[in-house]
Structure formats: C-alpha cells, structure tokens
Amino acid sequence: MSDAPQDKVTVLSAEALAELRSFPLHGDERLQNKLLWKSPNGDTIVGLIQMAPGARDVGHNHPSATQHTWVIDGTVSIGGVEASAGSYAFVPPGVDHETVAGEEPVTMFYIYQPTVEHDHDHDH
C-alpha cells in the first residue's frame, strides 16, 4: 500500500485490507502490524496493529514523534489507561507508554507522525 500513487484517491476494501501482509512488531508474533500508508519521505506512517489476547508491547517512547491511536476492536491498556473499541489515544513525543491487550484480540488504527514546529495563526 505504501507504494500507492500520491496523486489520486486510494480506497482499500475490507477484503483488500484482509489480504495485506502483516509483519511482527518488534519481532513479536503476537503483535502484527499492517502498513497502510507511508509518506514519500518515510517519516509519517499509518497502519493497523493487531494484538493477540494478553499480548504486550513493552514500554517505549518516540522522542520526536506523536502517535494517534483509535481502538477498533477489543480492549487495551495504553500507558496504563484502559481503552475499548471506539476510544482514541494520543501519545506525545517522549512519553513512555506500554500497550497491553485485554482478554480478546485487539485491532488499532494508528498514525505515527514526527513533530514539526510551525507558527500557526489559529484566528484565520
């Protein structure tokens, strides 16, 4: 998917998403990552993480990136806070967070994005 053209709309059906290859996150087979999109320079990543029941993504942080996560299925603890299906989690740069799946499989949609300092005018 990351090789999709950057100049047109790309839609993946549920069937196409199911066919996408996943790979172990941090080498753990109980944590599967499906890459949906990557920016041309590779710094922004969008994907799906699927966790087996009880799986644990050990504590870590992203020193210069934010992570946005939407829980699609299941219940998970992110940074010690429980999040169930429909929940959203924001992890700021440099904040340690561990992710632990509950008693059923978990699917999460995430955006990993480097921080960029901009001077915004929020009034216009």
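Select T44 to begin: T44 sits in the loop between β2 (28-38) and β3 (45-51). Helices (H or I, at least four residues) and strands (E, at least two) are DSSP runs, numbered from the N terminus. This is a predicted model, in which local features need pLDDT of at least 70 and side-chain atom pairs count only at pLDDT 80 or more, while totals for chains, interfaces and linings use all residues. Residues are numbered from 1 along each chain as its sequence is written, and side-chain values use heavy atoms, with hydrogens and water left out.

Is T44 buried or exposed? T44 is buried, with a relative accessible area of 13%. Here buried means under 20% relative accessible area, exposed over 50%, and partly exposed in between (1.4 Å probe, protein chains only). Next, display the side chain of D43, which a polar contact of 3.5 Å joins to the side chain of T44. A polar contact is a pair of N or O atoms within 3.5 Å; within protein, one must be able to donate a hydrogen and the other to accept it, and residues adjacent in sequence count only if both atoms are side-chain atoms. Leaving aside neighbours within four places in sequence, T44 is in contact (heavy atoms within 4.5 Å) with W37, K38, S39, I111, Y112, Q113 and P114.

Select residues 65-73, strand β5, where Q67 is found. Q67 counts as buried, at 13% relative accessibility. The side chains of Q67 and T69 make a polar contact of 3.2 Å. Beyond four places in sequence, the contacts of Q67 are H62, A89, F90, V91, H97 and I111.

Move to H68, also placed in strand β5. H68 is buried as well, its relative accessible area being 17%. Which side chain makes a polar contact with that of H68? The partner is Y88, at 2.6 Å. With neighbours within four places in sequence set aside, H68 is in contact with Y88, A89, F90, F109, Y110 and I111.

**The surface patch at F90**

Select F90 in strand β8 (residues 88-91). F90 is partly exposed, with a relative accessible area of 41%. Show W70, Y88 and F90 together as a surface; they make a nonpolar patch of about 310 Å². Patches are made of residues with over 30% relative accessible area and no salt bridge: like charges are joined within 9 Å, nonpolar side chains (Val, Leu, Ile, Met, Phe, Trp, Tyr) within 5 Å. Accessible areas come from the Shrake-Rupley method with a 1.4 Å probe; for residues, only the protein chains shown count as cover.

**The salt bridge**

How many salt bridges are there? The count comes to one, a salt bridge being a side-chain nitrogen of Lys or Arg within 4 Å of a carboxyl oxygen of Asp or Glu. Select E98 and R56, whose closest N and O atoms are 3.1 Å apart in this salt bridge. The pair links distant parts of the chain, with E98 in strand β9 (residues 97-101) and R56 in strand β4, 42 residues apart. E98 is partly exposed at a relative accessible area of 30%, and R56 counts as partly exposed at 43%. Side chains of opposite charge can pair when their charged atoms come close.

**Strand β7 at A83**

Select A83 in strand β7. A83 is buried, with 7% relative accessible area. Not counting residues up to four places away in sequence, A83 touches V71, G74, T75, V76 and I78.

**The whole protein**

Finally, select everything and colour by pLDDT, the predictor's confidence in each residue, from 0 to 100. The mean pLDDT is 87, and 88% of residues reach 70 or more. Among the elements named here, strand β7 (residues 81-84) has the highest confidence, at a mean of 96, and strand β4 (residues 56-60) the lowest, at 83. Over residues 118-124 pLDDT stays under 50, and the model has zero contacts there beyond four places in sequence.

In cartoon view, the protein has one helix and 10 strands, running α-β-β-β-β-β-β-β-β-β-β from the N terminus on. Of its 124 residues, 31% are buried. Residues 24 or more positions apart account for 61% of the contacts with a separation of 6 or more. The accessible surface comes to about 7,900 Å², of which 52% belongs to carbon and sulfur atoms.
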